[in-house]
Amino acid sequence: MEQIRQFISAILAGFMIGMGGTVFLSLDNKALGACMFGVGLFTVVVFRLQLFTGKVGYIPFQKKEYFLELVITWIGNFCGTVFIAKCVQNTRIFTEEMSNKVFIMAQTKLNDNLLSVFILSIFCGVLMFIAVDTFREQKGSTIKTVAVFVPVMVFILSGFEHVVANMYYFAMAQTWSINTIISLIVMTIGNSIGGLLIALYQKIFHLREK
């Protein structure tokens with residue numbers, strides 16, 4: 001029953017990241033779009049939904065069963081992003097302009113070399129851990145909100161790679177191929193390493209217990 005809950009929660013998380021991706025694609029102002037994208041992660045942390053990039057950094061503080069939870073989360077996130085992409089494609093907001101925009105975005109990511117994708121994914125993983133962990137650990141609504149939206153804006157405006165967001169963009173652009181799957185795997189590994197950097201530092205020097 002708990003695994004079913006995790007899976008449904010992960011679908012909802014993927015759906016919300018796709019919601020953020022939709023508003024980003026809808027706006028011409030990239031900075032504003034990056035800010036509004038943050039609504040996806042904000043919803044995830046407020047409702048404690050299962051987002052892979054928000055959970056992978058906590059591996060050092062968890063038992064081995066946590067790996068299964070991460071697998072369930074990744075699959076659920078994928079299902080949620082594909083579902084919302086299909087929904088958006090059947091609405092009036094999916095214009096030719098949006099279609100062209102997301103296709104170009106997806107092609108840029110898929111035509112990049114894997115080392116670049118890997119490095120950019122690590123950078124994004126670091127920012128996601130900062131966002132989620134600050135929201136969890138800090139008190140005060142202001143710093144919590146800033147902690148969510150600022151890292152999201154930074155990773156988008158910098159062009160860093162977020163595996164769940166890219167699941168949505170690839171689904172919207174319909175660019176599925178072996179290369180797409182390989183890219184998602186590399187992004188997953190990169191996001192995981194980035195998410196673990198600060199957590200491992202904390203674990204090694206006993207700066208937190210859980």
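I started with I75 and looked up where it sits: I75 is in helix 4. I'm working from a predicted model here.

Then I asked which residues make up the nonpolar surface patch. I75 is one of them, together with M1, I4, F7, I8, L12, L68 and V71. I get about 780 Å² for this patch. Two elements give two or more residues to it: helix 1 (2-26) and helix 4 (66-89). Which element gives the most? I found that helix 1 does, with 4 residues.

R48 turned up: its phi is positive, about 55 degrees, and R48 is not a glycine. I traced R48 to the loop between helix 2 (30-46) and helix 3 (52-55). Is R48 buried or exposed? I read a relative accessible area of 73% for R48, so it goes down as exposed, the cut-off being over 50%.

H206 was my other entry. I noted a positive phi for H206 too, near 55 degrees, and this residue is again not a glycine. Where is H206? I placed H206 in the segment after helix 9 (178-204). With a relative accessible area of 65%, H206 is exposed.

Definitions and conventions
Residues are numbered from 1 along each chain as its sequence is written. This is a predicted model: local features need pLDDT of at least 70, side-chain atom pairs count only at pLDDT 80 or more; totals for chains, interfaces and linings use all residues. Side-chain values use heavy atoms; hydrogens and water are left out. Patches are made of residues with over 30% relative accessible area and no salt bridge: like charges are joined within 9 Å, nonpolar side chains (Val, Leu, Ile, Met, Phe, Trp, Tyr) within 5 Å. Accessible areas come from the Shrake-Rupley method with a 1.4 Å probe; for residues, only the protein chains shown count as cover. A salt bridge is a side-chain nitrogen of Lys or Arg within 4 Å of a carboxyl oxygen of Asp or Glu. Buried means under 20% relative accessible area, exposed over 50%, partly exposed in between (1.4 Å probe, protein chains only).
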